[in-house]
Amino acid sequence: MDLRQHLIQAVTDSALEMFTSLFSVVPVIEEKKDGAIKLENKNIMSSIGMAGKIDGSIILILDQVSACRIVSKMLSIDIKEVNSDVLDGVGEVVNILTGGMKRKLENFDYTFDISLPVVVHGGKDPATVIRSAYADCIEFNIECSDFKIFLILSFKVDSSTHSKDHAVPENKSQEANDMLGRLIGEQGK
Amino acid sequence: MKILIVDDSAVQRKMIIQIIRKAGFENEILEASDGKEAIQAMGTNYKDIGLVLCDWNMPNLSGVDFLEAVSKVPQVANIPCVMVTAEGTQQKIEEAHKKNPLLAGYVTKPFTPDQLREKIGPILNKK
């Protein structure tokens, strides 16, 4: 299996796992080859960056209705309009999906770190989503009976040797440790 | 006994709270949206916190750095902490246990309500 096939499998498996665990639904996941994304109304885009042996990003694009329905299922409530929970929830969806993908690719030694999700709301036409000229791209349709998501995976393999030391600089956790000790000390007075 | 939930996603915190409530636990819940807020919450409520559920990737201070800080302060080091995160690679699980050797559990997103309950139920019932 080459990298492209590994990525397709990892995205597919991760999406299946996420939707069955969170929503008890089995989506139809297909690689999308026609390049055009058409949405009925304003879209929401959520993306996460990847850096390591694979560099790139995962971008989810969905319309407002789909976003409301997905987050309604997550919270077991009925959300009719996009609000902060909907935007947050879409970010969490791409976070979980990317984490699952990362876990599956670890088995083939394709390791990478992931960023925090970024969510953008608004704009009518997602056709201007940048498909990098410098990276390969795989696109997917993920569809259930009541929502539809477009997923773009933009990537390139970094052939240079990466240091595996992704540890946060020592002073960050030491600073947290000092602050916690100080707060507890104040409680004792 | 209070439960501290640390996750930058408000939706994820709400989902976890729903699972806790549906499992029948009525504990007061504290919320933090990043590691720094968690430090504040822990520092001022440490005598009452009996369980911490913590995400990994968050702004300002990551979950694993928060848990490392907790592990080094004797007054809070033994509070059960469970990571609840999309970071599920073997490398990350090992890193988390290395940074907090007393880590009480590791739950990978996505999780079903049963999977989370299985992890936290014994801890809450013991208290």
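Me: How many aromatic pairs does a search of the whole structure find?
Reply: The search finds 3 aromatic pairs over all chains. Keep in mind that this is a predicted model.

Me: What about A:Phe23 and A:Phe147, how are their rings set?
Reply: Their centres are 6.3 Å apart and their planes stand at 70°. Planes over 60 degrees apart count as edge-to-face, so this pair is edge-to-face.

Me: Where do the two residues lie?
Reply: A:Phe23 is in helix H1 (residues 3-23) of chain A. A:Phe147 is in the loop between strand E6 (136-143) and strand E7 (148-157) of chain A. The pair therefore ties together parts 124 residues apart in sequence.

Me: Is A:Phe147 buried or exposed?
Reply: A:Phe147 is buried, at 2% relative accessibility. A:Phe23 is buried as well, at 9%.

Me: Which residues do ring pairs link into a cluster?
Reply: A:Phe19, A:Phe23 and A:Phe147.

Me: New topic, chain B. How do the axes of H3 and H4 of chain B cross?
Reply: Helix H3 (residues 63-71) of chain B and helix H4 (residues 90-99) of chain B cross at roughly 25°, and their axes come within 8 Å. That makes H3(B) roughly parallel to H4(B).

Me: Which residues make the contact?
Reply: H3(B) brings B:Val64, B:Asp65, B:Glu68 and B:Ser71. H4(B) brings B:Glu95, B:Ala96 and B:Lys99. They divide into 2 nonpolar, 1 polar and 4 charged.

Me: Back to chain A. What pLDDT does it average?
Reply: Chain A averages 85, and 82% of its residues score at least 70. Over residues 161-169 of chain A, though, the pLDDT is below 50.

Notes: Residues are numbered from 1 along each chain as its sequence is written. Chains are lettered from A and ligands numbered from 1 in the order in which they are written. This is a predicted model: local features need pLDDT of at least 70, side-chain atom pairs count only at pLDDT 80 or more; totals for chains, interfaces and linings use all residues. Side-chain values use heavy atoms; hydrogens and water are left out. pLDDT is the predictor's confidence in each residue, from 0 to 100. Contact means heavy atoms within 4.5 Å. Axes are lines fitted to C-alpha atoms, for helices over the stretch in contact, and angles run from 0 to 180 degrees between N-to-C directions. Helices (H or I, at least four residues) and strands (E, at least two) are DSSP runs, numbered from the N terminus. Angles under 35 degrees count as roughly parallel, over 145 as roughly antiparallel, 65 to 115 as roughly perpendicular and the rest as oblique. Ala, Val, Leu, Ile, Met, Phe, Trp, Tyr, Cys and Pro count as nonpolar, Asp, Glu, Lys and Arg as charged, and the others, Gly among them, as polar. Rings of Phe, Tyr and Trp (its six-membered ring) pair if their centres lie within 6.5 Å; planes under 30 degrees apart count as stacked, over 60 as edge-to-face and the rest as tilted. Buried means under 20% relative accessible area, exposed over 50%, partly exposed in between (1.4 Å probe, protein chains only).
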